[in-house]
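Subject: A structure to look at, with notes

Dear colleague,

Here is the structure I promised to hand over to you. Please open it beside these notes and follow the residues as they come up.

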Amino acid sequence: MSMARIVIRWFGLLAFVALGLLCLNNAAHRAWVASSAADGHPSAWLFSAGSFSVWSVAAVLAGFGIFFLFRGSRPVSKLPIFILAFSLALAVSPFSASSWLWTPASIVEASG
């Protein structure tokens with residue numbers, strides 16, 4: 001395995017895991033703000049917390065996908081491609097959900 005592949009493999013994993021932890025921190029903060037309801041819009045904060053939670057999982061999965069993609073001199077298997085495609089689908093899912101299903105207004109209407 002070449003040195004460039006090793007560096008890309010480990011840097012990709014560590015960078016995306018760090019991004020995932022940062023998104024998880026944002027999700028926890030937004031969930032905490034939603035529980036205090038200081039501004040009167042807890043459903044919007046909860047939606048944002050859910051979006052950051054999904055992005056956190058997507059970032060960690062992308063890191064592992066890159067890690068598996070650049071392994072050894074073996075040919076690329078379908079697993080890292082599937083992991084990267086799934087992480088991409090997760091990354092865009094909050095945008096698609098906000099447009100048709102989980103809008104903050106529909107959460108408020110459903111809850112009360």
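Ring pairs join W10, F64, F67 and F68 into a cluster, where rings of Phe, Tyr and Trp (its six-membered ring) count as a pair if their centres lie within 6.5 Å, with planes under 30 degrees apart called stacked, over 60 edge-to-face and the rest tilted. Before going further, please keep in mind that this is a predicted model, in which local features need pLDDT of at least 70 and side-chain atom pairs count only at pLDDT 80 or more, while totals for chains, interfaces and linings use all residues. Residues are numbered from 1 along each chain as its sequence is written, and side-chain values use heavy atoms, with hydrogens and water left out.

The overall fold

The protein chain has four helices and zero strands, and from the N terminus on its elements run α-α-α-α; helices (H or I, at least four residues) and strands (E, at least two) are DSSP runs, numbered from the N terminus. Of the 112 residues in the protein chain, 26% are buried, a word that stands for under 20% relative accessible area, whereas exposed stands for over 50% and partly exposed for what lies in between (1.4 Å probe, protein chains only). Among the contacts with a separation of 6 or more, 69% come from residues 24 or more positions apart, contact meaning heavy atoms within 4.5 Å. The protein chain exposes about 7,200 Å², and carbon and sulfur atoms supply 76% of this area, as computed by the Shrake-Rupley method with a 1.4 Å probe, where for residues only the protein chains shown count as cover.

Around F67

F67, a member of the ring cluster, lies in helix α2 and is buried, because its relative accessible area is 13%. F67 touches R9, W10 and L13, leaving aside residues up to four places away in sequence. The charged end of R9 sits over the ring of F67, 3.8 Å from its centre, which requires NZ of Lys or CZ of Arg to be within 6 Å of the ring centre and within 35 degrees of the ring normal. F67 and I6 are 61 residues apart in sequence, and their C-alpha atoms are 9.1 Å apart in space.

I6 itself is found in helix α1 (residues 3–36) and is partly exposed, with a relative accessible area of 31%. Together with M3, V7, W10, F11 and L14, I6 forms a nonpolar patch on the surface with about 660 Å² of accessible area.

Elsewhere in helix α2

The structure holds five aromatic pairs. One of them joins F52 and W55 edge-to-face, at 5.1 Å centre to centre and with 80 degrees between the planes. Both residues lie in helix α2 (residues 42–69), three residues apart, about one turn of the helix; F52 is buried at a relative accessible area of 15%, whereas W55 is partly exposed at 23%. S56 is also found in helix α2 and is buried, with a relative accessible area of 7%, and it touches G20, C23 and L24, not counting residues up to four places away in sequence.

A residue in helix α3

L84 has its place in helix α3 (residues 78–100) and is partly exposed, with a relative accessible area of 25%. Not counting residues up to four places away in sequence, L84 touches A62, G65, I66 and L69.

Key: Patch = residues over 30% accessible without salt bridge, like charges linked within 9 Å, V, L, I, M, F, W, Y side chains within 5 Å. Salt bridge = Lys/Arg side-chain N within 4 Å of Asp/Glu carboxyl O.
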